[in-house]
Amino acid sequence: QVQLVESGGGLVQPGGSLRLSCAASGSFLSIVAMGWYRQAPGKQRELVATIVSGGQTNYADSVKGRFTISRDNAKNTVYLQMDTLKSEDAAVYFCNVATRRYSGAVYDSWGQGIQVTVSS
């Protein structure tokens, strides 16, 4: 079992910043990848950013240059620094963590979602 605890969402004005955090805990051998997805009302869930164990990152075109994903391996935590927020960034943000279990299998886990509202 892997538990994910997300924090840091809220209301921010356009142009503002927020930092999301997601801490993973439970029984696993290692973390393969960590990432953030988002889902706005009436839209499909979409990838925002990912970071793999080697440190390589990947971003949606819509957030490149504004969002930064990072991780603290010692804390099994992934962060999403969101700057210059736009109204279209408003969504529920979900943390995703791929963990390798002691069996060798890799499983995805999802956080419960955290609301980000961008409004003046």
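Helices (H or I, at least four residues) and strands (E, at least two) are DSSP runs, numbered from the N terminus. This is a predicted model, in which local features need pLDDT of at least 70 and side-chain atom pairs count only at pLDDT 80 or more, while totals for chains, interfaces and linings use all residues. Residues are numbered from 1 along each chain as its sequence is written, and side-chain values use heavy atoms, with hydrogens and water left out.

**Strands and their pairing**

Two strands pair if DSSP finds at least two bridges between them. Four strands form an open sheet in the order E1-E3-E8-E7, and their pairing is antiparallel. Strand E1 (2-7) and strand E7 (67-72) are the edge strands, each pairing on one side only. On average, neighbouring strands of this sheet are turned by 15° against each other, direction ignored; the axes behind this angle are lines fitted to C-alpha atoms, for helices over the stretch in contact, and angles run from 0 to 180 degrees between N-to-C directions.

Six bridges connect E7 with strand E8 (residues 77-82) in the antiparallel sense. Thr68 has Gln81 in E8 as its bridge partner.

Strand E11 takes part in two further pairings. Strand E2 (residues 10-12) runs parallel to E11 and is joined to it by three bridges, with Gly10 opposite Val116. E9 and E11 run antiparallel, also through three bridges, and here Val92 stands opposite Gln115. The covered face of E11 consists of Ile114, Val116 and Val118, whereas Gln115 and Thr117 make up the uncovered one. In a regular strand the side chains alternate between the two faces of the sheet.

Most residues other than glycine have a negative phi.

**The nonpolar core**

A nonpolar core is a set of buried Ala, Val, Leu, Ile, Met, Phe, Trp, Tyr and Cys residues joined through side-chain atoms within 4.5 Å. The largest one has 31 residues, of which Trp36, Leu80, Met82 and Tyr93 touch the most other members. At least two residues of this core come from each of E1, strand E3 (18-26), E4, strand E5 (46-52), E7, E8, strand E9 (91-100) and strand E11 (114-118). Apart from its neighbours within four places in sequence, Leu80 is in contact (heavy atoms within 4.5 Å) with residues including Leu18, Leu20, Trp36, Val48, Phe67, Ile69 and Tyr93.

**Aromatic rings and a charge**

Rings of Phe, Tyr and Trp (its six-membered ring) pair if their centres lie within 6.5 Å; planes under 30 degrees apart count as stacked, over 60 as edge-to-face and the rest as tilted. The structure holds one such aromatic pair. The ring centres of Tyr37 and Trp110 are 5.1 Å apart and the planes stand at 65°, so the pair is edge-to-face. Because Tyr37 belongs to strand E4 (residues 30-39) and Trp110 to strand E10 (residues 106-110), the pair ties together parts that are 73 residues apart in sequence. Trp110 is partly exposed, at a relative accessible area of 38%.

A charge sits over a ring if NZ of Lys or CZ of Arg is within 6 Å of the ring centre and within 35 degrees of the ring normal. The charged end of Arg45 sits over the ring of Trp110, 4.7 Å from its centre. The charged end of Arg45 also sits over the ring of Phe94, 3.7 Å from the centre of that ring.

Technical notes. Buried means under 20% relative accessible area, exposed over 50%, partly exposed in between (1.4 Å probe, protein chains only).
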